[in-house]
Amino acid sequence: MQLSRSSTATLAGLTAAFSMAALAAGTSPALADVGAQLSFLCTGKAGTWPVKAEVDGAVSTPGRGTRAIAFGEMKVSVKASAEDLNAMRGGDLGKSGTETPNTPTSGAVRLLVSAEADGASVDAQWPTFALTGTGSTLTGTGAVPALAGGAGRITLRATGLILVIDKEATGSRSSVSCVPTDKRPLATIDLPSGTRAPSTTPSMPGGQRPGTGAEEAGSTPECKEIPAPGVDPRYGFNSYPALDRVFKEPGRPPGVFTVTDAPRSLAYCVRAAGFSNIRKLGGAAPVAALTLLRRAVKGGVLSGEDGSFQNYREQWGYVLNETMPSRSSQLSLGFMPTTSVTDMEQVAPAGKDAAGKPYPVTGNLRTNLAPNPGLKGLTDDGTYVRALIGIRVHDVAVNGVPLSVGQGCRTKPTLLDAYSFTGNDRTGRTPIQTGSTFTGHVNIPAFSGCGTSEDLSPLLTASVSGPGNYVQFESGPWCRVLDDPSVCGSTTEPSTVTVRPGGHTTIAAGAITFMDDSGGNGITCDAMRVRMTLRAGAWQQRFLLGKSGVVDYKGCRLSVGDTVVPVHLTNSGTVVLNATTANPDGTVGMTIGGLAPIMSTKIGGQPCTIQIVTGDDLAFTLPGSYDNKTHSLTPVGPIPETFGSKTACEAAPTMSPGANVTATVPALTFTPPQQITIP
């Protein structure tokens with residue numbers, strides 16, 4: 001694939017933006033470094049990967065005869081793991097192929113750079129750099145165009161990155177599009193004073209006008225408190241029928257359901273990152289967003305017909321999503337490489353509500369949960385979000401040639417319907433506020449308002465619009481907004497898992513025991529083995545990292561006093577593996593959930609059934625820490641559980657339903673060895 005070249009402004013535009021030359025001869029040059037270490041989220045057909053880019057160079061403004069800002073040689077280094085580079089080029093996910101630390105790799109990179117001044121932003125038109133290197137680092141050097149100078153401050157900022165990796169075996173190339181995950185500038189250039197900056201905004205090709213510097217630079221939205229109900233009519237529950245439906249669908253368990261104002265209305269900031277695909281083009285674009293929400297504005301309580309407690313609650317709230325502009329590269333419009341910037345903007349529904357007032361811009365939020373984790377839940381825990389979004393496309397280039405679509409090229413509002421599963425009795429339950437994975441679908445409506453001299457709307461509609469466009473994003477921990485929203489900083493970024501090599505894995509432990517309080521009665525097994533399939537590669541969700549229906553207990557025996565009987569222990573249901581946290585010592589907090597061993601035998605001719613559970617006949621969870629050096633998961637210690645309702649053994653009266661039992665499990669080793677990290 002040829003690398004697309006996006007051109008949203010000319011150097012003449014920069015001349016208008018940053019004024020004419022002022023102080024002539026005798027002015028000393030102003031020097032500044034250009035350089036930063038930047039983080040990007042890249043998306044291609046095979047997945048999504050984190051990539052680091054380092055820029056190193058210098059800039060100067062010569063004094064005599066010109067005010068142009070000239071750059072020295074610029075060096076760009078791109079860093080990603082060998083496994084990720086292999087996946088980007090179309091290799092097997094989670095494998096590094098035949099690459100070694102010394103294997104040569106080649107490709108190309110286009111760093112999309114904006115120049116900002118006085119609220120205006122234009123494309124600095126940096127060229128494509130050829131890349132070479134070995135292992136996980138590719139480096140290229142080259143010259144970049146000069147900028148017209150003036151007075152005041154100019155900021156250079158990376159707004160995106162397009163990376164091309166050569167496929168050595170076939171001689172072809174593959175490309176990925178990347179968005180920045182931070183907003184650090186490449187350089188801030190203070191030019192000599194004495195020249196009045198122009199009052200006009202620079203023109204764009206085809207009569208387009210640039211957006212604000214924040215819009216073009218892809219700066220990160222800042223956390224702030226979303227207003228409480230009744231404070232600002234733009235924020236609150238949205239009664240628009242398509243959005244209000246989230247409080248009715250899906251249905252809830254039978255019983256008496258009562259909705260009341262919750263005693264607490266909590267404001268949160270949630271950072272999220274992921275991707276959205278365009279079904280017609282067969283490609284994906286990265287998405288980064290900040291969600292402002294109010295949780296538990298209202299609460300729903302379910303009770304039995306007789307007023308009895310039911311382990312089911314709902315929390316209702318509202319949300320506002322602010323996304324960063326997403327620059328992507330696709331093959332479209334006659335199979336030519338096309339780049340564009342897409343904004344997904346949350347919008348208010350048209351029309352007015354039953355009270356004759358405009359609808360708010362916020363979408364609606366509903367969380368279902370089991371408030372008592374020790375009792376059986378009635379449904380899955382999960383969170384539903386419904387909002388209206390509009391899609392705007394701008395800064396389009398086809399085969400390197402700007403396509404003037406104007407600044408009003410957009411769709412009508414469309415429904416974003418997303419859901420996050422956060423557990424059930426079998427998998428264990430994770431609090432939604434710790435971060436989770438949301439998935440959904442978006443129908444892209446027809447475009448309108450595209451083009452300046454001719455109507456390009458039908459062209460974009462034919463290329464992009466249609467149903468079945470998949471959206472997935474990982475939310476970070478929900479940060480409670482109190483008096484100071486600045487506390488919700490980088491620590492609230494989405495946290496995902498990288499697994500190498502993943503795939504079919506055996507998790508095995510040595511001798512395990514389940515002993516009652518007497519210490520003399522219980523079950524001992526020589527080994528336990530779980531055969532599981534782990535998700536492979538980077539950007540994996542922490543919850544349900546792997547699952548298995550196969551658990552083998554080997555060499556098990558039941559001890560009741562002096563009697564020892566061989567038994568066959570089985571596990572009912574699916575076992576799951578979850579990652580929880582990155583521990584300070586470098587290990588990864590993990591849990592194995594869905595454990596519910598059961599056995600039946602006879603002692604003295606009498607039947608004896610033993611079931612080991614937690615709480616209300618629920619499968620129990622084994623928490624621990626995974627060490628990438630030993631490739632083993634070490635449980636936190638003996639796990640207190642109970643004998644389940646199916647337990648019936650007259651020969652062992654201390655082993656009865658509800659009685660205590662302690663599970664002791666040694667370190668569990670992963671084969672093949674797995675590298676499991678939370679970046």
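**Notes on a predicted chain**

Reader: Asp 395 first, please: buried or exposed?

Author: Asp 395 counts as buried, at 4% relative accessibility. Please bear in mind that this is a predicted model.

Reader: Where is Asp 395 found?

Author: Asp 395 is in strand E19. Its phi is positive, about 50 degrees, although Asp 395 is not a glycine.

Reader: And what is phi of His 631?

Author: Phi of His 631 is near 55 degrees, again a positive value in a residue other than glycine. His 631 lies in the loop between E42 and strand E43 (632-635).

Reader: Let us step back. How many helices and strands does the chain have?

Author: The secondary structure comes to 5 helices and 48 strands. The chain has 679 residues, of which 54% count as buried. Among contacts with a separation of 6 or more, 72% are between residues 24 or more positions apart.

Reader: Turning to helix H5, which of its residues are buried?

Author: In H5 (residues 457-464), the residues Ser 457, Leu 460, Ser 463 and Val 464 are buried. They lie on the same side of H5, because they cover an arc of only 135 degrees around the axis. Pro 458 and Ala 462, on the other side of H5, are exposed.

Reader: What do the buried residues of H5 pack against?

Author: They pack against five strands: E13 (266-278), E19 (381-398), E24 (437-444), E25 (447-448) and E26 (466-475). Just after H5 comes Gly 466, with a positive phi of about 150 degrees.

Reader: Next, the aromatics. How many aromatic pairs does a search of the whole structure find?

Author: The search finds 9 aromatic pairs. One of them is the stacked pair of Phe 247 and Trp 316, with 4.3 Å centre to centre and 25 degrees between the planes.

Reader: Where do Phe 247 and Trp 316 sit in the chain?

Author: Phe 247 is in the loop between helix H4 (241-244) and strand E12 (256-261), whereas Trp 316 is in strand E15 (residues 309-323). The pair thus links distant parts of the chain, 69 residues apart. Phe 247 is buried, with a relative accessible area of 7%, and Trp 316 counts as buried at 12% relative accessibility.

Reader: How is the pair of Tyr 268 and Trp 478 arranged?

Author: Tyr 268 and Trp 478 are edge-to-face, 5.6 Å centre to centre, with 65 degrees between the planes. Tyr 268 lies in strand E13 and Trp 478 in the loop between E26 and strand E27 (479-480), so the pair ties together parts that are 210 residues apart in sequence. Both Tyr 268 and Trp 478 are buried.

Reader: Which residues form one aromatic cluster?

Author: The cluster consists of Phe 237, Phe 247, Trp 316 and Tyr 318. Another ring, that of Phe 257, has the charged end of Arg 252 over it, 3.9 Å from the ring centre.

Reader: Finally, where is the place of Met 599?

Author: Met 599 is in strand E40 (residues 597-603) and is buried, with a relative accessible area of 1%. Beyond its neighbours within four places in sequence, Met 599 contacts residues including Ile 523, Leu 558, Val 567 and Thr 609. Met 599 and Thr 609 are 10 residues apart in sequence and 5.7 Å apart in space, C-alpha to C-alpha.

Key
Residues are numbered from 1 along each chain as its sequence is written. This is a predicted model: local features need pLDDT of at least 70, side-chain atom pairs count only at pLDDT 80 or more; totals for chains, interfaces and linings use all residues. Side-chain values use heavy atoms; hydrogens and water are left out. Buried means under 20% relative accessible area, exposed over 50%, partly exposed in between (1.4 Å probe, protein chains only). Helices (H or I, at least four residues) and strands (E, at least two) are DSSP runs, numbered from the N terminus. The arc is that of the directions from the helix axis to the C-beta atoms. Contact means heavy atoms within 4.5 Å. Rings of Phe, Tyr and Trp (its six-membered ring) pair if their centres lie within 6.5 Å; planes under 30 degrees apart count as stacked, over 60 as edge-to-face and the rest as tilted. A charge sits over a ring if NZ of Lys or CZ of Arg is within 6 Å of the ring centre and within 35 degrees of the ring normal.
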